[in-house]
Amino acid sequence: MRLTAPALVAALALAIPTAGTAEAAPVQRDLYDDAMSTPVEDSYYPAKGDPGIDVLNYDLDLDWRKQSRVLRGTAKVTFRVTKAAGSVQLDLASRMKVQRVSVDGAQAGFSRQGNYLVIDGRVERNARHTARIVYRGTPAPAKGPASRSDVAKVGMRVTRDGQLWTMQEPYGAFTWYPANDQPSDKAFYDVRVSAPGSWVGVSNGRLVARRKVDGRTITRWDSASPMSTYLATLAVGPYRSVSQTGPGQLPMTYWVPRDRPSLVKPLRKTPAAMRWLESKLGPYPFESIGIVVTPSDSAMETQTMVTFGRKLYRYGHRYVRSVVVHELAHQWYGDTVTPSDWRDLWMNEGMATYLETRWNVDQGWTTWRAWQRQWKRDDQYWRDLYGPPGAFYRDEFASINVYYCTALMWDRLRKKIGTAEFNRLVRAWPQRHQNSNQDRWALINWFERRSGEELSRFFNTWLNSPDSPA
């Protein structure tokens, strides 16, 4: 997620298948083994997610009725049990009414406890099951743990004209489907969306089918790599698509409102941005990349399909291109390698900010010295206001300290171990840890071993000290 406050604008200023296309063959998987995770209880937001289960696949069949504002859903959730229990719990907003539940084909009892769905039945450790949950309701965002306006509410939104869009970091998936809503549990996704008329449902991964049925548009999406719940996206609206080919024949698709075709113009620069990022981070870790432009005022690194707020265009095309680079950088730092716990948000945002700034410098839009001075000047101020970046205040999720203080930390690490070694390790980390969850200790130990330097004191001071090390 990119900082999008208007004050940042000045600083920065320094192909799609058509209806009737045959369905692509679904991705073959070996019993979802690649989605096996080690879920944990989040240290910051322990009410979200349950470490007792490991979801392997979400198969979502969604039907949006814009006149009645009702989302009808059937979720088939395949999961592994991590410890024996008398029931299974998933996160699901209370306004989404569950009609029936079955487990492995047999009807199952269930109860609702606030924003939880509790499915009855004894389950044994390491057993695998599939729960089928039929539900419906009018989605609405939930209160988020932040004072930032674009994170103060999280989850699914319904616009006045009946469009859907969602951004759900750090949690918010539970506002529209039953989920184990914590980042340490990655799963595969298969999503089918039924949209009214010629509207289109856009989600993560590959578009494997698009057809018209009884006056509705049906799209099917398949994700070939597992992802955390906060990285899922869904947008339903009057979209048109524009396709390009990126480096290595990478499929790239931009979804923009039909009545705003000019919004695609700055997005057409994305192949060059992707080449620049691959030069720094190595090959792109997924099978496709897309951008869907929603009625939001923010942007989010949703995996393989960046969710981009239309209102950001008010700051100009340069700003749009810069934010796109930030969200693309997250595909390596945040998406393929994802924190196990939200206190390590800095692992995502600091590096994305660092790389975005480097890219802006390479465009000649600013200077590296100017950003170094700004980060150093403000480091203490942001720590005083929001806490250290590795121990930020829990009700100030995604505040500027996690971005700027950590970007400065990465630059100081570059100076400490040398630019060549720093660049080598920054590139190698996501390549060696694809499709995984990691925590700060794994990252610190890995950088120590490969640099041959003791770095734990360095990281601990930068991440946890209330006093600026700058």
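In the predicted model, helix α8 passes helix α9 in a right-handed crossing. Helix α8 spans residues 440–451 and helix α9 spans residues 456–464; their axes come within 10 Å and cross at roughly 140°. That angle makes α8 oblique to α9. On the α8 side, the contact is made by R440, L443, I444 and E448, which meet S456, F459, L463 and N464 of α9. By class, four of the residues in the contact of α8 with α9 are nonpolar, two are polar and two are charged.

The contact of α2 with α7 divides into three nonpolar, three polar and three charged residues.

Helix α7 (residues 419–432) also holds both R424 and E421, which are three residues apart and thus separated by about one helical turn. The side chains of R424 and E421 meet in a salt bridge, with an N to O distance of 2.8 Å. R424 counts as partly exposed because its relative accessibility is 42%, a value between the limits of 20% for buried and 50% for exposed.

Side chains of opposite charge can pair when their charged atoms come close. A search of the whole structure finds 12 salt bridges, one of them between the side chains of D33 and R128, at 2.8 Å from N to O. D33 lies in the loop between α1 (7–13) and β1 (53–65), and R128 lies in strand β8 (residues 128–137), so this pair ties together parts that are 95 residues apart in sequence. Both partners fall in the partly exposed class: D33 has a relative accessible area of 35%, and R128 has a relative accessibility of 34%.

Another salt bridge links D63 with R65, the closest N and O atoms being 2.6 Å apart. D63 is buried, with a relative accessible area of 15%, whereas R65 is partly exposed, with a relative accessible area of 29%.

The remaining site examined is V200, which is placed in strand β13 (residues 200–203). V200 has a relative accessibility of 0% and therefore counts as buried. Leaving out residues up to four places away in sequence, V200 touches A195, R210, T219, A235, V236, G237, Y239, W255 and R258.

Key
Residues are numbered from 1 along each chain as its sequence is written. This is a predicted model: local features need pLDDT of at least 70, side-chain atom pairs count only at pLDDT 80 or more; totals for chains, interfaces and linings use all residues. Side-chain values use heavy atoms; hydrogens and water are left out. Helices (H or I, at least four residues) and strands (E, at least two) are DSSP runs, numbered from the N terminus. Buried means under 20% relative accessible area, exposed over 50%, partly exposed in between (1.4 Å probe, protein chains only). Contact means heavy atoms within 4.5 Å. Axes are lines fitted to C-alpha atoms, for helices over the stretch in contact, and angles run from 0 to 180 degrees between N-to-C directions. Angles under 35 degrees count as roughly parallel, over 145 as roughly antiparallel, 65 to 115 as roughly perpendicular and the rest as oblique. A crossing is left-handed if the near helix is turned anticlockwise from the far one by less than a right angle, and right-handed if clockwise. Ala, Val, Leu, Ile, Met, Phe, Trp, Tyr, Cys and Pro count as nonpolar, Asp, Glu, Lys and Arg as charged, and the others, Gly among them, as polar. A salt bridge is a side-chain nitrogen of Lys or Arg within 4 Å of a carboxyl oxygen of Asp or Glu.
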